Amino acid sequence: MKAGAIIPQKIVENDLPCYVKIVYGRVFVITSKTGSAVLTTDELAKQCGITRREAAKSLRYLVSLGLIRFHRSLENRSYIHVIQSSVPQ
């Protein structure tokens, strides 16, 4: 079964770059089963077809909108994120 994301009104109504919406959709799909995910900025960027910088900016936008929470750690010069959805599943 394929999973899809329902885009919250906070994202649809805000004039956000499309890559933020793409990252939200991907994070929603990844966290929909367990409520959290562990991945690097590079992995997220690759999965979304965007740059590393766009992925990092997207995470900051989503946190500021209260749609996700994440903890960031640095290992081997790559950020590793533990992402939790703030949206009821």
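1. Let's start with threonine 40, which sits in strand β1; helices (H or I, at least four residues) and strands (E, at least two) are DSSP runs, numbered from the N terminus. This is a predicted model, where local features need pLDDT of at least 70, side-chain atom pairs count only at pLDDT 80 or more, and totals for chains, interfaces and linings use all residues. Residues are numbered from 1 along each chain as its sequence is written, and side-chain values use heavy atoms, with hydrogens and water left out.

2. Threonine 40 has a relative accessible area of 15%, so it counts as buried (under 20%; exposed is over 50%, partly exposed in between, with a 1.4 Å probe and protein chains only). Leaving aside residues up to four places away in sequence, threonine 40 touches Tyr79, Ile80 and His81; contact means heavy atoms within 4.5 Å.

3. Next comes helix α3, whose buried residues are Thr41, Leu44, Ala45 and Cys48. Seen down the axis of α3, they fall within an arc of 100° and so line one face of the helix; the arc is that of the directions from the helix axis to the C-beta atoms. Glycine 49 follows α3 and has a positive phi, near 70°.

4. Now the largest nonpolar core, which has 21 residues; Ile11, Val23, Leu44, Ile50 and Leu62 touch the most other members. Two or more residues each come from α2 (18–31), β1 (36–40), α3 (41–48) and α4 (52–64), and α2 gives the largest share, six residues. Such a core is a set of buried Ala, Val, Leu, Ile, Met, Phe, Trp, Tyr and Cys residues joined through side-chain atoms within 4.5 Å.

5. Finally, look at leucine 62: beyond residues up to four places away in sequence, its contacts are Ile11, Val20, Val23, Tyr24, Leu67 and Ile68.
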